[in-house]
Amino acid sequence: MSWIENRFEEGMIITSLDWAINWGRTCSIWPMTFGLACCAIEMMAIGASRFDVDRFGAGAFRASPRQADLMIVAGTVTYKMASRVKRLYNQMPEPKYVMAMGACTIGGGPYFKNGYHVVKGVDLVVPVDIYVPGCPPRPEALIEGLMRLQDKIRHQTVARDRWNSVKDAAFSPATGAN
Amino acid sequence: MAPEEIADLLKKQFSDKIAGFTFETAHPRIEVRADAWPEVAKFLRNDSRLQLNFLRCITAVDMLEDEQFVVEYDLFSARMSAKSGSPWTITNEVAIAVKVPRNSATIPTVAHVWRAADWHEREAYDLMGINFTGHPDSVTDHDGTHPRRILCPDDWVGHALQKDYKFPMEYHGIPAVTEHEQTRPIH
Ligand code: SF4
């Protein structure tokens, strides 16, 4: 949506347009298939019939980052995997969101002290929008995280370029660890 | 064949290349000198009385106080049995221990004797730093010629399961945390 973002001044009345765009974005958050460890089992559970994340329009797990809006980092991120996480994040089209699922991605989790190869929080590699704690989080918690992400999207406006300018400065592909 | 009988057989065949025995444990093992190990391995696999054709696993132990590594090879002989209902029988079963000094940990490879040793030796190099010479999947870099790493990235420094391993405090710009220190920014 970069053709429209940042084209309006702050005071301009674009609420209806905002509402329509945000409604579209909120109800079609396509996650990327990105299970790294045990948390992925719970992520798979939300796609199945009992929890059925399709109710929120987020059930279309894409196999390619280029078709995805949300990266649910589900599992332990190792140093070896970190460069891949970063690359996949850079390949996702805007608007893109990252959800850190589980203790491992939030801060190293069970490997905080003695995991020589574990990244101590995926926010050291990519910017994170939503943190869902737990080891692993229950599927309900993940759905709750998804709904909080929807809240976040509902408050976006096309007048301002979200936090992307800040984010890109901190995590540009040129300067970031890759 | 009991481990004691296997030991007798090896002693007769190789005399001083067999360094010792430990039988009073749950894990009876025969100790073999490192330089004679491939030769002994071939014998263990090919001899018609032994036929130890299956390498179950390789265990590397870091004896920091004794300044040595112990590498144990668990072998057994799996044969097709004529009886119906039990397709395989395990007859001979023994472990071979090879001890090497910690500062020059080099053992000739046995990957050409048991194919299973290929990945196990790569793992033993990756996590313990034991160099298996003549390994079919070797690379040459600043650490010399050694089996290719299997779990850690190729540019990893050190061997993580050694008892005196120092945790990396930074890897490709990503900070780290350990029990004692951290380079991760504190918010
Ligand atoms: S947070 Fe727990 S369940 Fe999730 S990947 Fe880490 S160890 Fe596994």
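Predicted model: local features only at pLDDT ≥ 70, side-chain atom pairs only at ≥ 80, totals over all residues.
View 1. Chain A supplies A:Ala37, A:Cys38 and A:Cys39, along with A:Gly75 and A:Thr76. Also around the ligand are A:Gly102, A:Ala103, A:Cys104 and A:Pro110. A:Gly134, A:Cys135 and A:Pro136 complete the list.

**View 2. Chain B meets chain A.** On the chain B side, 21 residues are in contact with chain A. On the chain A side, 15 residues take part. Together the two chains bury about 1,500 Å². Carbon and sulfur atoms give 69% of that area. Which residues of chain B lose the most area to chain A? They are B:Ile174, B:Val177 and B:Arg184. Together these three account for 34% of what the chain B side buries.

**View 3. Polar contacts, but 0 salt bridges, link chain B and chain A.** Look for 2 residue pairs in polar contact between the chains, both at pLDDT 80 or more. The salt-bridge count is 0. By class, the side of chain B that touches chain A holds 16 nonpolar residues. Another 3 are polar and 2 are charged.

**View 4. B:Asp47 sits in a loop of chain B.** Is B:Asp47 buried or exposed? B:Asp47 has a relative accessible area of 11%, so it counts as buried, the cut-off being under 20%. The side chain of B:Asp47 also makes a polar contact with the side chain of B:Arg49, at 2.9 Å.

Key:
Residues numbered from 1 in each chain as written. Chains lettered and ligands numbered in written order. Heavy atoms only, no water. Contact = heavy atoms within 4.5 Å. Buried area = accessible area lost by both parts, 1.4 Å probe. Salt bridge = Lys/Arg side-chain N within 4 Å of Asp/Glu carboxyl O. Polar contact = N/O pair within 3.5 Å; in protein donor to acceptor, adjacent residues only side chain to side chain. Nonpolar A, V, L, I, M, F, W, Y, C, P; charged D, E, K, R; others polar. Helix = DSSP H or I, 4+ residues; strand = E, 2+ residues; numbered from the N terminus. Buried < 20%, exposed > 50% of the residue type's maximum accessible area, 1.4 Å probe, protein only. Near = heavy atom within 4 Å.
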